[in-house]
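The following questions and answers examine a single protein chain. Please consult the sequence and the structure as each point is raised.

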Amino acid sequence: MFSEDLWLENEKNCAVVHKSKRGRKRQELLAVALGVKVGVKGALLWQPLKLFAYSQITSLVRRAALTQNDNHFNYEKAHNFKVHTFRGPHWCEYCANFMWGLIAQGVRCSDCGLNVHKQCSKYVPNDCQPDLKRIKRVYCCDLTTLVKAHNTQRPMVVDSCIREIEARGLKSEGLYRVSGFTEHIEDVKMAFDRDGDKADISANIYPDINIIAGALKLYFRDLPIPVITYDTYSKFIEAAKISNPDERLEAIHEVLMLLPAAHYETLRYLMIHLKKVTLHEKENFMNAENLGIVFGPTLMRPPEDSTLATLNDMRYQKLIVQILIENEDVLF
């Protein structure tokens, strides 16, 4: 007869064996799904393999949502309501009731023109579709507002500048580090504000590629909400402070999923481009670390306007962008 202690110990061993088998089975299934062979050192590869699989699945889901309709990008956007005084009788476009009063009868969305009661504005869904006539400029405009107004996947500034840089500037020494003439960069900014995606930034007009690179950096700096949003800033900084590389990568990936869809897509596209820049490091002398120094403060800013906080976080900003570039194929 088994004693009670012996019986409990035997049960525990059996549970461990079953758990180990389940874990092995999970690893084997995941490896088959990804087309990866996991051998004797499978245990060491499990964490990175799991992160890679998770990133691929979530990335596929996110991209499927972004491309479910090729002609329309369904980015969620909250309305930008402001108190408004209406001339003549007006009815709320949410509850259909009359808007009483002589002044400040309700609120109007400055992006799409929706008119509602102030109380009703709390219940209006985040389905703002900005009217292109209300978008006065390209620079300094909210990123999601701009792409929804133009019905594009990314801001046209990002697409146009990156296309031009990849066509003739990837081997340019000090790309993104060397500044172009400020007056010419302002000219490019005015061209986009005036002509939108028809702005001419070709070599015939701007032979110095550093002007185009400078215009792209200026666009990111001028965003009212940075590409890496204020809401996610502290989470990214905390993730950068994690010492274990695998855990840090997983933490960064989780925070990436919190970004608004338009911000995520813009960041993904930019990181793919910057990875291409690093492939020409021998000619342009710009590796992931150097690009991290340039783009860290450009893509992410602390919510509070504090010089001390910015200085303290600079190395983590640099590290975040460096990791995003080096691991863009896994993280996005």
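Q: How many helices and strands are there in the protein?
A: This is a predicted model, in which local features need pLDDT of at least 70 and side-chain atom pairs count only at pLDDT 80 or more, while totals for chains, interfaces and linings use all residues. Residues are numbered from 1 along each chain as its sequence is written, and side-chain values use heavy atoms, with hydrogens and water left out. Helices (H or I, at least four residues) and strands (E, at least two) are DSSP runs, numbered from the N terminus. The protein has 13 helices and three strands.

Q: What percentage of the residues in the protein are buried?
A: Buried means under 20% relative accessible area, exposed over 50%, and partly exposed in between (1.4 Å probe, protein chains only). For the 332 residues in the protein, the buried share is 44%.

Q: Why is α3 described as largely enclosed by the rest of the structure?
A: The buried residues of α3 include Leu-143, Leu-146 and Val-147. Their cover includes α6 and α9 (261–278). Helix α3 is largely enclosed because its buried residues number seven of the eight.

Q: How many residues apart in sequence are the parts that the pair Asp-111 and Lys-77 ties together?
A: The structure holds ten salt bridges. In one of them, the side chains of Asp-111 and Lys-77 meet at 2.8 Å, N to O, and both residues are buried. Asp-111 lies in the loop between β2 and β3 and Lys-77 in the loop between α2 (42–66) and β1, so the parts tied together are apart in sequence by 34 residues.

Q: Which residues are linked with Glu-265 in a network of salt bridges?
A: Arg-268 and Glu-265 form a salt bridge, their closest N and O atoms being 2.9 Å apart. Both lie in helix α9, three residues apart, about one turn of the helix, and both are buried. The network links Glu-265 with Arg-154, Asp-159 and Arg-268.

Q: Over the ring of which residue does the charged end of Arg-154 sit?
A: A charge sits over a ring if NZ of Lys or CZ of Arg is within 6 Å of the ring centre and within 35 degrees of the ring normal. For Arg-154, the charged end is 3.7 Å from the centre of the ring of Tyr-269.

Q: Why is the pair of Tyr-139 and Tyr-219 edge-to-face?
A: Rings of Phe, Tyr and Trp (its six-membered ring) pair if their centres lie within 6.5 Å; planes under 30 degrees apart count as stacked, over 60 as edge-to-face and the rest as tilted. The structure holds six aromatic pairs. In this one the ring centres are 5.5 Å apart, and the pair is edge-to-face because the planes stand at 90°.

Q: Is Ala-96 buried or exposed?
A: Ala-96, in the loop between β1 and β2, has a positive phi of about 70° although it is not a glycine. Its relative accessibility is 55%, so Ala-96 counts as exposed.

Methods. Contact = heavy atoms within 4.5 Å. Salt bridge = Lys/Arg side-chain N within 4 Å of Asp/Glu carboxyl O.
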